[in-house]
Amino acid sequence: MDTKAIEAVALSIRSLSMDAIQKANSGHPGLPLGAAEVAAVLYGELLKHNPADSKWVDRDRFVLSAGHGSMLLYSILHLSGYKVSLDDIKSFRQIGSKCPGHPEYGETDGVECTSGPLGQGIAAAVGMAIAETMLAARFNTPKHTIVDHYTYTLVGEGCLEEGVSSEASSLAGNLGLGKLIVFYDENKISIDGNTDITFTDDIENRYLSYGWKVLRGSMYNVGEIADLVEIAKRDTSKPTLIILKSVIGKGAPKQGTADVHGAPLGEEGCKSAKTALGIPSDEQFWVAPEAYKYFEEKRTEWAKAEENWNKTFAEWAKENPELAKKWDAYWNHKATGECESPSYKVGDKLATRDASGKSLNCMAKRYEWLVGGSADLQGPNKTKVADDDGVYSKTNRKGRTIEYGIREFAMSQVMSGINLHGGLRAFGATFLVFSDYLRPSLRVAALSKLPNIYIFTHDSIYVGEDGPTHQPVETNAALRCIPNVQFLRPGDAEESAVAWEMALESTNHPVCMAFTRQAITVYEKADKDWKNTVRKGAYIVQEGTKNPDITILATGSEVEMSLNAAKLVSGKNIRVVSVMDKTLFEKQDEAFQKEIIGNAKRVVVAEAGVSFGWEKYVSSKKDLFTIDRFGESGPAAKVAEDLKFTSADLAKVLKG
C-alpha cells in the first residue's frame, strides 16, 4: 500500500468536502473530515470496482449508511474516476446537481443506494449481501466463480440508534452473512452533543450477541484499516463490525464537538482547518496532485480485474450454456419457466389472500429470480413458495423463501437492497396495518424507483376479533399518498391474479397489494376486456346504462358488497365500478374517467376505510360509504353490523 498516496487522498476528501459545504452554505462537514481515511483506503486499496464501468455486476458494493456525510462519498467518487466532476462537487446541494444533499440512487454515478434516513443504509447492505450469496449459490460452478464480491457500509452512532439497524443486523447475524463488512465511525457525537446523553450501549457486545465478529482500530491508521478488513475476510461465516475510533470534524477549530456535525465551518473555520491539516488555505477545492496520480495508475489495475472477470465469465458461459441462458433471464427479468395465471369461474368463493398465494406460486414457477418472504406471517399471508429450493439460510443459500422474523422495517429495506443489487426481484409480506412499520423504507424505495413487491393481507375491519389494533382504516389512503407507489386493492380472485401480473410488470416503482382475510365471491364482469381496462385503474363490473342513476366506485371486498346492495334497490339503474388502483385511474384522461363513471346522477363511494381522497367524486358526504373511525373487536360480521357497514346499510344510502 502506498500510505502517502492514501493520506493525500484523505486530505483531498477533506478539502473538497469543507469547500463544497461552505459554498453551498449547507451540509455536514463532521463525517467527511473525521472519516476520510476509511473512504481513501476502501476505494483505493480494498474495493473490487471499476469506475469506468460502475455497473459491473461482480463489483463490491459500498453503501454510505450515514448519508448526511454525502460529501465524503462524492469526493472519493470524483477522485477515483466515477462520473462526478469537480463542477458537480462545486454545485453540491443545488437544483439539478449530481451531488444532492444525501446520496440518491440513480442520480449520481457510483452511488449504490439512496441513504440519509439513518439505519436504512445498513439494512439495504444486508439485502445486497443476501443477493450475492443467492446468486453465487445458483451460478458458481466448481470450475468457475463468477459471483464473488463483498458488501461494505459505513455507519455512525445515529444509524446504530435507529431500530431498523438492530433488526437488520440481527437478521444478518442469524443468516451468517460473512461477506458483509460494516465500518462504524465511532466519534461519540450527534447533533445535540455527546452521544452519552442518550446512547450508552455496549456496541461490541451487542453485535457479538447478534452473531457478528467485532474488530477495533483507529480511523487514522490506514494500514490498520486494511489489516482489519483482511482479518474480516479470513472467516466468512459471520458478518463483521469494524469499530474505528475517530474525531468528528478532524482539523476544524471545533473538532470533536457537535458544532462541526451539521453546519458549514465558515470561511475562517475553513482556513483554520486547512492550515491545521496542511492544505493550502488560500485555495478552493484543492486536490493533492498525488491523489489524482494515484487513482490514474489504479484505473489500469481495475480495468484489468474486470477484463479478467469477463474472460472467466465467457469461459463459464461456453461450458454452461443453460446456466448462461438463465443468468440472462435473471438479470433481464425474463421468464425462466412456464405457468398460466390461475383461473376462476363466477361463483367461486375464496379470500383474495388465498388467490394471491396461488398467483405467487405461479409467478415463482415462471420467474425463478422472484425471492422473498414474510415478517413471521407466512401462513396468514399465504406466501409459502412450494418449490425444491426451500428456505434461505446460512446452510441453504439456494433457498428462495426468506424468513424475516418480526422485522417489517428491515424486511422492506432488505428487499430494496436485493433489488438494488440486481439479478433478483424481491417481495415481502405482512398485515396491511403493519405497513406503518415499514413505511419509511417504502418511501425511500419509491424515491429510488425500486420495483419492490409488497403483499399486504387482512385488509380491513373484516379482520374481526383482532380488533382495531389490527383493522386498517386509514392505511389505504396513507399508502396511496406516497408518490410513485402503486396501491392495488383487487375485488375478487380474478382481479388478484391480474394484480400480480401488474406487480411483475413494474420496473420503476413499488407495488403494494391489499388482500382480504375473508372469502369473497368471484363476480361476473360486464366489461369483457376488463383485464386490459383495469390496467388503467378501474373498469365496469355491472354496466347499468350509459346514464345510470347511481355509479358506485368500490374497491376490494366492497365491490361484492356493492353488487349485493344494488340487488336490494328497486327502481334505480345502478352501475358498479371496481377501482383497483385509484391513483392510476385518476391519471387517465377525462374521457376515460367519464366513460367509466358514466353520466351518473349520483356517485357513491364504497371502501372499508377513511373517506380521505374520495370526496371529489361525490356531491354529498352522505354518498361516502366509508369508515372514518377505528373498528371494534368481535366476529367480522358483527363488527360490520356494529359499524353499519353491510350491503343492507349501503342499500339504504343508495335509496336515499
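Biologist: Which residue of strand 19 stands opposite A606?
Modeller: Residues are numbered from 1 along each chain as its sequence is written, and this is a predicted model, in which local features need pLDDT of at least 70 and side-chain atom pairs count only at pLDDT 80 or more, while totals for chains, interfaces and linings use all residues. Side-chain values use heavy atoms, with hydrogens and water left out. Strand 18 and strand 19 (residues 624–625) pair in the parallel sense over two bridges, where strands are DSSP runs of E with at least two residues, numbered from the N terminus, and pairing requires at least two DSSP bridges. Within this pairing, the residue opposite A606 is F625.

Biologist: Over how many bridges do strand 16 and strand 18 pair?
Modeller: Strand 18 spans residues 602–606, and in it V603 stands opposite T551. Strand 16 (residues 550–554) runs parallel to strand 18, and the number of bridges in their pairing is five.

Biologist: Which residues cover the two faces of strand 18?
Modeller: Five of the five residues of strand 18 are buried, a class that means under 20% relative accessible area, against over 50% for exposed and partly exposed in between (1.4 Å probe, protein chains only). In a regular strand the side chains alternate between the two faces of the sheet. One side of strand 18 accordingly holds R602, V604 and A606, and the other holds V603 and V605.

Biologist: How many residues of strand 3 are buried?
Modeller: On one side of strand 3 lie L180, V182, Y184 and E186, and on the other lie I181, F183 and D185, with both faces covered. Strand 3 (residues 180–186) is largely enclosed by the rest of the structure, because its buried residues number seven of seven.

Biologist: Which residue of strand 7 stands opposite F183?
Modeller: Strand 3 runs parallel to strand 2 (residues 151–155) over five bridges, with L180 as the bridge partner of T151. Strand 3 also runs parallel to strand 7 (residues 240–245), here over six bridges. In strand 7, the residue opposite F183 is I242.

Biologist: Which cysteine does a disulfide join to C339?
Modeller: A disulfide is a pair of cysteine sulfur atoms within 2.5 Å, and by this rule the count comes to one. The S to S distance of the pair is 2.2 Å, and with -130 degrees about the S-S bond the link is left-handed. C339 lies in the loop between helix 13 (321–332) and strand 8 (349–351), and its partner, 23 residues apart in helix 14 (residues 352–366; helices are DSSP runs of H or I with at least four residues), is C362.

Biologist: Which elements give two or more residues to the lining of the second largest cavity?
Modeller: This cavity holds about 40 Å³, and its lining residues include Y105, C113, Q413 and V444. The elements that give two or more residues to this lining are helix 16 (408–421) and helix 17 (435–447).

Methods. 1 Å grid on protein atoms, 1.4 Å probe; cavity = no way out; pocket = protein on both sides within 12 Å on 5 of 7 lines; lining within 4 Å. Points joined across faces, edges and corners; volume = space filled by probe spheres on them.
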